[in-house]
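Hello,

Here is the structure we talked about handing over. Please load it first, then read the notes below.

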Amino acid sequence: MSVDTATVKKVASLARIAISDSDAERLAPELNNILGWIEQLSEVDTSSVEPTTAVIPNTLRLREDVVTEGKQRDAILQNAPQGEHGFFTVPKVVE
Amino acid sequence: MTDVTDLGIAQLRDGIRLGTFSAREVADAFVVKVSKAKALNAFIVETPDHALAAAKEADAARAAGETLKPLAGVPIGMKDLFATKGFQTTAASHILEGFKPVYESTVSQRLWDAGAGMLGKLNMDQFAMGSSNETSYFGNVISPWRRGGGDNAPLAPGGSSGGSSAAIAARIVPGATGTDTGGSIRQPAAFTGISGIKPTYGRCSRWGVVAFASSLDQAGPMARSVQDCAILLENMAGFDPKDSTSLELAVPKWEASLSGSLRGKKIGIPKEYRVDGMPAEIEALWQQGVDWLKDAGAEVVEVSLPHTKYALPAYYIIAPAEASSNLARYDGVRYGLRELAEGQNLQDMYAATRAAGFGEEVKRRILIGTYVLSAGFYDAYYTQAQKVRTLIARDFENAWTYCDLLLTPTAPSAAFALGDKGDPLAMYLNDVFTVPSSLAGLPAMSVPGGLDKGGLPLGLQIIGKPLDEQGVLDAGLAIEERAGFTARPQSWW
């Protein structure tokens, strides 16, 4: 499996990270080097093995369906880069 | 007059209780040490007022004749991965620069509830991704150690908890929190001649700890003695309903139960950890460790963990995959950095914010994670890695039928010079001995064993069964008692 610059750009776009053409050219061999090394996992016979879901046996708990915390609008907005009228604000998404 | 900054957690706690010195004297002394150690770059933010407030409370409680809290007046360092209310928390990243949480992480809250105070937020590898502390947005942490013979090349303090390890080794804090995803407590502890334990996955709450790889991330203490680690861990661990993977178990009295006698214990030596090219000094220290544990009454047996060589490649699929998912939250909307040029739309904003806010190693791992999770590759990479993880955990389970604990070196080398490992893959290989136990969620600890020819510390790792922190700490103590490790870096900072 070889990653070319077009694949790097596609993956970066999926990850929502802007990269330049020169970034993509630099990253392609780097990622290939790492992925080539990871490739050795394919030699392990795992045909009768279940994938790990939890390292320490633990059951997910249920709690009462009640409000435990709330009414913290201003605290939640406190670190927002931009907020108005008690909301997070973003560039216009609907024309 | 004792210099209180030479004392560890237990001695400070006891001295404050007995009135040998006041908590204020302790806090003042450490605050001065921290402020003078800027050359180490161990702290991102210093918080002297927090430490002084805890000291004031401890001294007032003592004056009023009250029973002191378990860590009353003991100042510590807090890794910048833990959310601290009102104090900047960045995970050493640009994207979280200026972020002041409005809440406190469970682990840090427990420590403050126990009476501890905070000297500052410790530098680290960005989002805990790194083994040398070179990926921090706020600059490299410099190890207080230097090679002998006038070689002043700045050395790596290890990573990702490199601010924690450097500060403890330099005696500017008596102990600190760390977090360990693939070795981030144990490897820096080994590089700087201190101790650190990663408990069983689920012992310490992950709530309020900036997430890297959630199925692996685990908090733990770092300090200069095994007893100090036990004390701190007791005050960090415990059930937390806010973390769905938190274990609903009482916290054992690890400190009170500490014993360096290993009579009746079997120690396994995994033969697959004898890797090619391991320095003879590390081989020799490992053998020395075997002799120490035998001297403590243990029986030593060779065991096999056949899938060891696949642990690192599995880890470098699983951890980036989880990271790519966890770090999707940094979008420039709710907190942290926002990059938005005139006329740009929402998608442009996401991409520009993340391009500007994440460092190179973080981007690299997000891209790998996104790739291995993408359509068509998911089964070949991610599912296969999780299956291999099952085999690695099974190796350990099989080993436990022959032994109670495992002894290995912590890292394949002593500390390297900053800039020495430019190739990402070479850096990843540094975690070869710590990653397998992380994948299996096992408790594991590094304790200093000795010095190499260049005068740099080397660590030994003890790995235990799930929930057997006591066994790990006891074996750590047995090594500590016999290693007599008293070396310390000469102050140049």
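**What I found**

Start with the annotated span. The end C-alpha atoms of residues 26-473 of chain B lie 27 Å apart. That span is 35% helix and 14% strand. The UniProt record, an unreviewed entry, lists residues 26-473 of chain B as "domain: Amidase".

Keep in mind that this is a predicted model. It scores ipTM 0.96 and pTM 0.97. The average pLDDT of chain B is 97, and 100% of its residues score at least 70.

**Chain B overall**

Chain B holds 16 helices and 11 strands. Its radius of gyration is 21 Å, close to the 23 Å from the globule rule for 493 residues, so chain B is as compact as a globular protein of that length. Along the principal axes, its C-alpha atoms fill a box of roughly 65 × 50 × 50 Å. Of the 493 residues in chain B, 61% are buried. Take the contacts in chain B between residues at least 6 apart in sequence: 77% of them join residues at least 24 apart.

**The interface**

How many residues of chain A are in contact with chain B? The count is 39, and they meet 55 residues of chain B. On the chain A side, the elements that give two or more residues are helix H1 (5-14) and helix H2 (21-38). H2(A) supplies the largest share, seven residues. By class, this side of chain A has 26 nonpolar, nine polar and four charged residues.

**The core**

The largest nonpolar core has 172 residues. Ala314(B) and Ile317(B) have the most contacts inside it. Helix H10 (residues 311-326) of chain B gives this core its largest share, 10 residues.

What does Ala314(B) touch, beyond residues up to four places away in sequence? Its partner in chain A is Leu41(A). In chain B it touches Ala385(B), Val388(B), Arg389(B), Ile392(B) and Leu439(B).

**Helix H5 of chain B**

Is helix H5 (residues 162-169) of chain B mostly covered or mostly open? It is mostly covered, with eight of its eight residues buried. They are Gly162(B), Gly163(B), Ser164(B), Ser165(B), Ala166(B), Ala167(B), Ile168(B) and Ala169(B).

The buried residues of H5(B) pack against several elements of chain B. The strands are E1 (43-46), E2 (75-79), E3 (117-122), E4 (175-180) and E6 (218-223). Helix H6 (186-192) also takes part. After H5(B) comes Arg171(B), with a positive phi, near 60 degrees.

**Ala487 of chain B**

Ala487(B) sits in the segment after helix H16 (469-483) of chain B. Why does Ala487(B) count as partly exposed? It has 14 other C-beta atoms within 10 Å; buried would need 20 or more, and exposed 12 or fewer.

Leaving aside neighbours within four places in sequence, Ala487(B) is in contact with Gly193(B), Leu451(B) and Pro457(B). Ala487(B) and Leu451(B) are 36 residues apart in sequence. In space they are 8.2 Å apart, C-alpha to C-alpha.

Best wishes

Technical notes: Residues are numbered from 1 along each chain as its sequence is written. Chains are lettered from A and ligands numbered from 1 in the order in which they are written. This is a predicted model: local features need pLDDT of at least 70, side-chain atom pairs count only at pLDDT 80 or more; totals for chains, interfaces and linings use all residues. Two residues are in contact if their C-beta atoms, placed from the backbone, lie within 7 Å. Helices (H or I, at least four residues) and strands (E, at least two) are DSSP runs, numbered from the N terminus. Ala, Val, Leu, Ile, Met, Phe, Trp, Tyr, Cys and Pro count as nonpolar, Asp, Glu, Lys and Arg as charged, and the others, Gly among them, as polar. UniProt positions are given in the numbering used here, feature names are shortened, and annotations may be inferred rather than shown by experiment. A nonpolar core is a set of buried Ala, Val, Leu, Ile, Met, Phe, Trp, Tyr and Cys residues joined through C-beta atoms within 7 Å. The radius of gyration is taken over C-alpha atoms; the globule rule is 2.2 Å times the number of residues to the power 0.38. pLDDT is the predictor's confidence in each residue, from 0 to 100.
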